[in-house]
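Subject: Handover of a structure and its findings

Dear colleague,

Please find the structure below, handed over for your study. My notes on it follow directly after.

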Amino acid sequence: CHAQCFMLEKHSQEEEEEIRYRLTLIGSLPVHHLTTMAMLPWVVAEIGRSQPGERELGPVSLCVSASRVQCVCIGAEGVAWDPLSHTVLFECRPHRVTKLIHNSQEPSSFGCLVRDTHHCACYVFQCRDCTKVPEIISTLRQAGKSSAPPTTVVSPTAFAKKFEVLFCGRVSVAHKNAPPALIDECIEKFGQSHVSGVGGKGGSESPPTGKRPILFKRDPSFPCLQALDENGLSPEISNAKTGDTNTHTSGVQPTSLQENRTMLFTVGRSQIFLVSPDTKKVAIEKSFREISFCSQGIRHVDHFGFICRETVEGGSCHFVCYVFQCTDESLVDEIMLTLKQAFSVAALQQSAKTQSQQCDSCPMQQLHRLCERIEGLHPCKTKLELQRHLATLDNQEQASVFENTMRARPKNDQEENELVMASLRNLYEERQRSHQHTQPGDSKRVIIVSDLSLCLFPHHLCRCHNSTGDLKRLDTSPSVSSSSLSPSRDTQQQGFRRRASTFSHPPTPSSSDSSPALIFTHTPQDAAATTKPKLVRHYSVSTDTPHQSNDVAALTPIGESPLRSHRHSWRQQIFLRVATPQKNSDSRLGLIPVCETGPLVLPEERKRKSKEELRELWRKAILQQILLLRMEKENQKLQASESNLQNRRLKLDYEEITPCLKEVTLVWEKMLGTPGRAKIKFDTETIHAAVAQGVPRHHRGEIWKFLSEQYLLRQTVPSRPPANHAPYKELLKQLTSQQHAILIDLGRTFPTHPYFQAQLGAGQLSLYNLLKAYSLLDPEVGYCQGLSFIAGVLLLHMGEEDAFNMLKFLMYDMGLRKQYRPDMIILQIQMYQLSRLLHDYHRDLYSHLEQQEIGPSLYATPWFLTAFASHFPLGFVARVFDMLFLQGAEVIFKVALSLLGSHKPLILQHDSLESIVDFIKTTLPNLGLVQMEKTINQVCEMDVSKQLQAYEVEYHVLQDELLDTPTTLNQSQRAAQLERTNQSLRQQNLDLLEELQVSHARVCSLESQVEVLVQSEGRLREQASALEEEKRQLQSTVTHLHDILTSLGIHISLDAHPLTHTPPPDRHTVTAAAKVEGKEVAGNGTAATVPHPPACPEDS
């Protein structure tokens, strides 16, 4: 019986995950280590042809981890481990499992080729659950990628080139090669899909809750590389596949225009990675062996794409084209050239590696070429091809092949072909053992031709079987007799398999009937062409690439394990005949309770459950599933929280300079927790004192945002905002032209810090996002060396978006962006200001540096461009940033002056340019904690703002005087000087224009406020006039009502008693109280209610 394949256990051992699968071993066969994928189907057929008595079927446990693959024979479930029944069939490193074969005709079976130091064998397994087979294959592939020998381990991104691209989408195509206009057609289809609303979801779908086993070892230099599926796709992309692949249109999957589609296209030594800076993970990973075509758009020259092979759920194989967009055509040309060079180098390395193992005259190479020639042929044509090949053998070899073939009594051409190939394999393997490699110039041996092979095939009718036993059958041709076929085989679907995948032979496309995702158009030329079978793709998986198949052999039980292939003595054989059946029978008796067929008595004794019991079981199962899903979500939240905490600890992994006391921390927490703090001006002295006493490291990012808010509240004139007001998330969706400079500097920014140390890790990708967004926000500055350190310090203390806002604050509000302009005139002014400070405060040090012709540009330029972050410890840099957010850019002058002044005696001891510069660049940054804290305290007490303003004016005055003084320069030098002066004046005009624009904006703001106030005053006047008019109307109404009441004879009582009605002498009388009430109402001038007239007498 076939044991059901399931995951027995999954545990972690020293950060290594091991997965165990329960399978059934069908058989195994030792083969030569030069066996290729083209030969492997024949080996599988030979294994499947073994007699039932020659095999030992039984359950096995396949254990897969990142460091080993082990196959152990096991007994029934619950049986204790026994060395007699639990035999280790093989154990090797995962990369030794070099080839995998999956049978789509019988999807529960798969085979693998295991190469070891001493032997090589082919194993075939079967599992009950056919859906687990792709998972097992993918697990073996992932484990094999991470288990290469230490001498050959190469980082995936070693010598890699990176480019930023926009991932447009993917399209299922019909062939591995594409027409020139494929990229343009794909872009048109993407446009149609966006217009119609079809597709475009990209990776928006959430991944499934069930996780596949992960066995991919993280590379420390590439930690964002997560375990991908067998197609090298991340869950976000693989889960976006459309279910219907029968039409070409359904295979169009554009990415969403609302999501971040930018990717880092990384070309390595043997693979292509697409890293998403947004998710910090590898989205697509493709080996060079999986890519069959690369092309650039014709009309859309800024687009390119490549075609690669992928598998679908049904086990078939199809081709997918991935399309990308670049900033311009030149970048596409560079990417295409890089791909061409990478493919060429990989092919040369593989060719050299193959040539070192064999030559053209190797017997195994001859067998490989024979297998390639007969691959996919009809059995009768395969038979003829084998006859031609057998004619090249000598008489003895032909007789041996004939004897072995006839001894087995084949029933049809297919079995004959398999028997002949088995004999030829044994023959060529025996030759290979004694073969000596020949050079290309050596003479070839003489080939003896004989006609003896013509008598090896007595059957002349072409029967409809494949040339290998592991392939689907062909539809019976009308001209072919099938009388010799068994009834079971007559009902099977028949067809040719496709070419096996090898490095030197790229895959051929499968027919449309075997792979629904592919579309082929066939134009028959004659009757023979219409009946000619179509080639189908053979599914093969190597250690580098997965391929899935429709057509590997209908695997049947196979022979002995290679470990049991040794010969026994005649005494041992007698013993095994007697002892082994008894042991096996006992073992099988132990398996009866767990077998699928089981004892017949137990099912009869089992009581049939009622509907209520079944319903209760279903309800219980549903509740348990809901509970499991909830637990899974909670676990994901806990893992995310733990990851965030670990990431935060990793960021803040630096030594603090000024330890923050608990009382100071409470002061900061009180200020940070104040409601509406963004609109409240705190006391300046309190903030200065708190910063001087220290800033808690875990609150530093939030404190920097608080200091920026206080700075903006105290600014009377707002700074000029950036012209681009796009939010951070929208900027990340665009491509930048500064990508090369940014990507180069990623590895140079804090190379020793663990957060930025990993190549294309989370830290480097976040830094890339931040620098890219600012380059798009400020096109004038774009990207300049030094900005990466400023952004890196911000990222260590806050998230990406907050760091972007703080970078924008430092550049625009603090004015740091002026020193990063392309002309860098402000940086020249800063160098002059620092020299003047040294001249005024440390005259002897200034004179010593001038004697050695050492200007500030030799040592102080990185101080200003990186705010001391490129050379000094992070703890010191963090304190500098504390002061920078508090006092502005003049802090850099204070820190530089304090550092040089405190080390003046040591600098004066050096008397050469090299030693002084080396001391300032290397020794000075390594000062102790006490000296660093002393420097920060000096900075807090220092004030040089007035001197800096005076030095800046002095610089411009000196520059003007230099232009006015007569000179003996020639005309060209004079023109160059005037050009520089003109450029300087132009920059000054731009600065003045910027200030004028800020003032004009302020005036416009005030005018708009005045206009609003005037309009408000006008509305208030109108309301007052309306109220006055309403008052007059009410007074007139009261007077009129009073007159009416008087005319009616209604008198108002003065003492405010209720109205009394007495008939007047002639008509009515009014009480005095009513009169008084009427007067009071009229006197108040309010909208009082009109009193009801008294009731008239009955006689009136």
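Ring pairs join F167, F265, F304, F306, Y322 and F324 into a cluster. Rings of Phe, Tyr and Trp (its six-membered ring) count as a pair if their centres lie within 6.5 Å; planes under 30 degrees apart are called stacked, over 60 edge-to-face, and the rest tilted. In total, the structure holds 29 aromatic pairs.

This is a predicted model, in which local features need pLDDT of at least 70 and side-chain atom pairs count only at pLDDT 80 or more, while totals for chains, interfaces and linings use all residues. Residues are numbered from 1 along each chain as its sequence is written, and side-chain values use heavy atoms, with hydrogens and water left out.

A ring also takes part in another kind of contact: R697 lies over the face of Y654, at 5.3 Å from the ring centre. For such a contact, NZ of Lys or CZ of Arg must be within 6 Å of the ring centre and within 35 degrees of the ring normal.

How many disulfides does the structure hold? The number is zero, where a disulfide is a pair of cysteine sulfur atoms within 2.5 Å. C92 is in no disulfide, and the nearest cysteine sulfur, that of C112, is 8.2 Å away. For C308, the closest cysteine sulfur belongs to C321 and is 8.5 Å away, which is too far for a bond.

Is C308 buried or exposed? C308 is buried, with a relative accessible area of 0%; buried means under 20% relative accessible area, exposed over 50%, and partly exposed in between (1.4 Å probe, protein chains only). C92 counts as buried too, at 8% relative accessibility.

F750 has a positive phi of about 45 degrees although it is not a glycine. F750 lies in the loop between α19 (739-746) and α20 (754-757); helices are DSSP runs (H or I, at least four residues), numbered from the N terminus. At 8% relative accessibility, F750 is buried. A867, likewise not a glycine, has a positive phi of about 55 degrees. The loop that holds A867 runs between α26 (861-866) and α27 (874-887), and A867 is buried at 2% relative accessibility.

Finally, L614 is found in helix α14 (residues 611-651) and is partly exposed, at 40% relative accessibility.

A colleague

Notes. Helix = DSSP H or I, 4+ residues; strand = E, 2+ residues; numbered from the N terminus.
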